[in-house]
Amino acid sequence: MSYGQEKIKPYNDNQEKGAQVEMMFDNIAHSYDKLNHRLSWNIDKAWRHFALKQLKPYHPQVMLDIATGTGDFAIQAAKMLHPARLVGADISEGMMEVGRQKTKALGLDKTISFSKEDCMALSFEESTFDAVTAAFGIRNFQDLDKGLREMHRVLKKGGHLCIVELTTPVHFPMKQLFKVYSHTVLPIYGRLISGDQTAYSYLTATIEAFPQGERMVEILKKAGFEEASFKRLTFGICTMYFATK
């Protein structure tokens, strides 16, 4: 099945989405962390913390962080969950290079490694990881169903998937306020700081088009996951999905 955000591309209609997403994140890697924290008023850290608390009772030892970007979720997971090994996977070398510098500075480079991966065709063997995480990245997948099936494939039986994704609030007045913010402040400020003319307009468009809530739970189940559930955070600006293989 095709989903709305899969058709939205950062720059043009001539090149496939995956290549354009890689280029976009390479372009904004230098300013991504600063923008993420400022545009979310630093609440993104609390969202990640809440998500990782759901994994804590299971003590995952081998973890994969999909669409890891600059490694924020991977770093938080290493600090909170203390896995023996954590791999951050991303399509953008520019983003991961920032992540490598951060993990080295924090002394976490022996736990966290980075791997350039096409999330539609991961290089890892089946049943490799105890837990798979993803924060603010899966809406950039060229093929959401295929990406989720790959995440399911590399998880061990009984392993858990934890996704944090930006979503559109469903209730008044936050729904209206978020629309104004995401269509004015976010793209203008993002453009000024990152220097990329379209990246943050693209990100807004994918948030609005991405399947959320009950619909996303059904998509997770279709990919093979069981006990899939979701919880809206901060009035629905963000949603956490938790599922089991």
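User: Which residue in β7 does E165 stand opposite?

Analyst: E165 stands opposite T239. Strands here are DSSP runs of E with at least two residues, helices are runs of H or I with at least four residues, and both are numbered from the N terminus. This is a predicted model, in which local features need pLDDT of at least 70 and side-chain atom pairs count only at pLDDT 80 or more, while totals for chains, interfaces and linings use all residues. Residues are numbered from 1 along each chain as its sequence is written, and side-chain values use heavy atoms, with hydrogens and water left out.

User: In what sense do β5 and β7 pair?

Analyst: Antiparallel, over seven bridges, between residues 155-166 of β5 and 238-244 of β7. Two strands pair if DSSP finds at least two bridges between them.

User: What is the strand order in the sheet?

Analyst: The order is β3-β2-β1-β4-β5-β7-β6, in an open sheet of seven strands with mixed pairing. The edge strands, β3 (112-116) and β6 (226-233), each pair on one side only.

User: Which strands does α6 touch?

Analyst: Helix α6 (residues 144-154) packs on the sheet and touches β1 (62-66), β4 (129-135) and β5. Contact means heavy atoms within 4.5 Å.

User: OK, cores. How many residues has the largest nonpolar core?

Analyst: It has 33 residues, and those with the most contacts inside it are L64, I66, M151, I163 and M216. Such a core is a set of buried Ala, Val, Leu, Ile, Met, Phe, Trp, Tyr and Cys residues joined through side-chain atoms within 4.5 Å. Buried means under 20% relative accessible area, exposed over 50%, and partly exposed in between, with a 1.4 Å probe and protein chains only.

User: What does I163 touch?

Analyst: Leaving out residues up to four places away in sequence, I163 touches A134, I138, L148, M151, M216, L220, T239, M240 and Y241. A second, separate core of 30 residues includes I75, L86, M96 and A135.

User: Switching to cysteines. How many disulfides?

Analyst: The count is zero, a disulfide being a pair of cysteine sulfur atoms within 2.5 Å.

Methods
Axes are lines fitted to C-alpha atoms, for helices over the stretch in contact, and angles run from 0 to 180 degrees between N-to-C directions.
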